[in-house]
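Here is a quick tour of one chain, taken a few spots at a time. Keep the structure open and follow along.

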Amino acid sequence: MSTPYPFTALVGQDDLRLALLLNAVSPAIGGVLVRGEKGTAKSTAVRALSALLPEVEVVPGCRFSCAPSAPDAQCPDGPHDAAGSVSRDARMVELPVGASEDRLVGALDIERALAEGVKAFEPGLLADAHRGILYVDEVNLLHDHLVDLLLDAAAMGASYVEREGVSVRHAARFLLVGTMNPEEGELRPQLLDRFGLTVEVSASREPDQRVEVVKRRLAYDDDPAAFAARWAEDEQAVRARIVAARALLPSVRLGDGVLRQIAATCAAFEVDGMRADLVMARTATALAAWAGREDVTAEDVRQAALLALPHRRRRNPFDAPGLDEDKLDDTLQEFGPDPAEGDGSGPEDDPDPEGPDDGGPDDGGGPDGGGRPPENEGEAGGEEGTQVPPQSSASDSGTEKSEQQTPSGAGEQSPASAAEPFRAKLLSVPGTGAGAAGRRSRARTEHGRTTGARRPEGALTKLHLAATVQAAAPHQRARGRAGRGLVVRRDDLRQAVREGREGNLVLFLVDASGSMAARQRMSAVKGAVLSLLLDAYQRRDKVGLVTFRGSGAEVALPPTSSVDAAAARLEALPTGGRTPLAEGLLRAHEVLRVERLRDPVRRPLLVVVTDGRATGGAEPVARAARAAGLFAAEDIASVTVDCESGPVRLGLAGTLAQGLGGTVVTLDELRADAIAGLVKDVQNSRPNGRYERRAA
């Protein structure tokens, strides 16, 4: 077994360490979501924490880790009458991004359940993680239904598995830790709210701290055992402090004044629901226990708010998580508790529990410090350089290119601000796909309505009971059936075929030429694209952005799950110059070709936002028509958003849509509350291969 990196050897990352330790003291807080760039010790810190957790007493032979002092009365391996006891280390179980539902919650042997009437249950990762840590790396890439199952189990402390009327329940209490890189997409606000605490981590920009990170990591890689031995005393001190804090936790008093501060803070920041209040109360209590106190102070409430509220203020994917600390301080001061309820001392007054820093530079305090983490450690964290904000590279390169390519007299205009987004109509890809689970187009999925049955290919996951009984019924006499039970063989089993929704790759091709800047048209265009991006976020799509202007086209954003990155690039998009429509179409076609090689099952949807004009170069209209024909020949679904306005309209966008083999809608028709009918199936616009405008 490999030696984990010592938790106390981490440099900086104070908020991350504090949040993990508080959950170790009080798992009822609800876990930690760690957000940050790559190489910032997210995974290293979680693995290091598992070595600090005290040993657990379990019933011998119980696959569900029942405690001998209080065994689960409904344990599938029970009852545990007068059971013995064995000690083992607390487990850290990792949930892979590609895990199935059965791997997470466990699997029932349906064949034995039907034929023998027994509940043959194979425990999943939730059972393995009971009384330990469940770690989900890249939780934002996990399928939504798995995240729902995971968070439901964490909230209820139990997991329920039901298959065709056969039900199994077992305890599942664990410390939940999820990590994510926001550049790869965000979690839905509803799922964000289910995590108790959140922490933003970033690499230190201080050379001395980065040097110390590298020195410690290299020393660990050279001799993990010797490096761990150097920190063994500090590790034991923190382990003992966790045990002491757990013992003190039931004695901590949460006065009415402190509760009023918590309620006032949550109300002031307009967080939804009551979960934030409960999490803040539990976190403040754990902070007091961690500091060795029996009273919760105002500083405990402040620190709890900084950990529990930032992610709960995010209302849509374009909102950045965060908290106004001045407003927080004003609220705490206005609703301060009675002085008799606390002395005002905060957890930062407590000495660092991790011991000396072993000669390293000042790392900004121990894990109970309250400042922003200045540093990273672990997985080559010190090697990460300063990252440029997403919009900078796109807008800057686009600006330089336009300055060189825009003809004289067609000057570039500054970026227009986007109009207010609206609820967009559903645009979907025709046919039935088999891509990643989502909410846009029809697809064969593991979840959804049952549409048929088939013989299973491999392990049976979703039984079609009626079809199975129908297959077994004709053979009962030949199989010697004597009693009431049905004699079922493996060949009789039928897999349910289900139809749900998939996420698609929505590639936006946006005309940023000079004609689009006329009459403030670009503001309305950006508002429409922003609305479609919001719709893509809600439907779990990947998005990409290609723009064309001047004499060429560029990929402003390669296909990604991060719609807020696309929104940032869109906001900084300048306009001006000629309209190289053919170049834009060819660049979009190349992006889809490459993406098809990477993810062949995800079906694309091209959304072209233009007025249909084509200028610049030789035969611009003919070249654009030939480029559009490439999409029609490959049957790539497309929607053209006609941005032409004014009393006189040329209808060029309609001609483009006809060449693409797709449909055309106006900006007004994109609104879900418009009089025009819903634009549902792209292919419905050309039932006989003809172009047809969708209208009321």
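A residue counts as buried when its relative accessible area is under 20%. Keep that cut-off in mind, as it comes up again below. One caveat before we start: this is a predicted model.

## The chain overall

The protein chain has 21 helices and 20 strands. Of its 696 residues, 53% are buried. If you take the contacts with a separation of 6 or more, 80% of them are between residues 24 or more positions apart.

## Ala289 in helix 12

Start with Ala289, which sits in helix 12 (residues 275-290). Its relative accessible area is 4%, so Ala289 is buried.

Who does it touch? Setting aside neighbours within four places in sequence, Ala289 is in contact with Ala245, Leu248, Leu249 and Val252. Ser251 is 38 residues away along the chain, and its C-alpha atom lies 8.5 Å from that of Ala289.

## Helix 11 against helix 13

Now look at helix 11 (residues 256-268) and helix 13 (residues 298-308), whose axes come within 10 Å and cross at roughly 30 degrees. Angles under 35 degrees count as roughly parallel, and therefore helix 11 is roughly parallel to helix 13. The crossing of these two helices is right-handed.

On the helix 11 side, the contact is made by Val258, Gln261, Ile262 and Thr265, and these meet Ala298, Val301 and Ala305 of helix 13. Sorted by type, the residues in this contact of helix 11 with helix 13 come out as five nonpolar, two polar and no charged.

## Helix 6 and what follows

Helix 6 (residues 144-156) gives us a simple length check.

The buried residues of helix 6 include Asp144, Leu146 and Val147. Leu150, Leu151 and Ala153 of helix 6 are buried as well. Just past the end of helix 6 comes Gly157, with a positive phi of about 70 degrees.

## Met180 in strand 10

Met180 belongs to strand 10 (residues 175-180). Is it buried or exposed? Met180 has a relative accessible area of 0%, so it is buried.

Not counting residues up to four places away in sequence, Met180 touches quite a list. Among its contacts are Leu33, Val34, Arg35, Gly36 and Lys42. Met180 also touches Glu138, Val139 and Asn140, along with Gly185, Glu186 and Leu187. Glu37 is 143 residues from Met180 along the chain, yet their C-alpha atoms are separated by 8.2 Å.

Pro79 lies in the loop between strand 2 (56-58) and strand 3 (86-88). The peptide bond leading from Gly78 to Pro79 is cis, with omega near 0 degrees.

Arg131 is in the loop between helix 5 (125-128) and strand 7 (133-137). Although Arg131 is not a glycine, it has a positive phi of about 70 degrees. Its relative accessibility is 26%, so Arg131 counts as partly exposed. Asp635, in the loop between helix 20 (620-633) and strand 19 (637-642), is a residue other than glycine with a positive phi, near 55 degrees.

Terms used
Residues numbered from 1 in each chain as written. Predicted model: local features only at pLDDT ≥ 70, side-chain atom pairs only at ≥ 80, totals over all residues. Heavy atoms only, no water. Axes fitted to C-alpha atoms, helices over the stretch in contact; angles between N-to-C directions. Helix = DSSP H or I, 4+ residues; strand = E, 2+ residues; numbered from the N terminus. Parallel < 35°, antiparallel > 145°, perpendicular 65-115°, else oblique. Left-handed = near helix turned anticlockwise from the far one by under 90°. Contact = heavy atoms within 4.5 Å. Nonpolar A, V, L, I, M, F, W, Y, C, P; charged D, E, K, R; others polar. Buried < 20%, exposed > 50% of the residue type's maximum accessible area, 1.4 Å probe, protein only.
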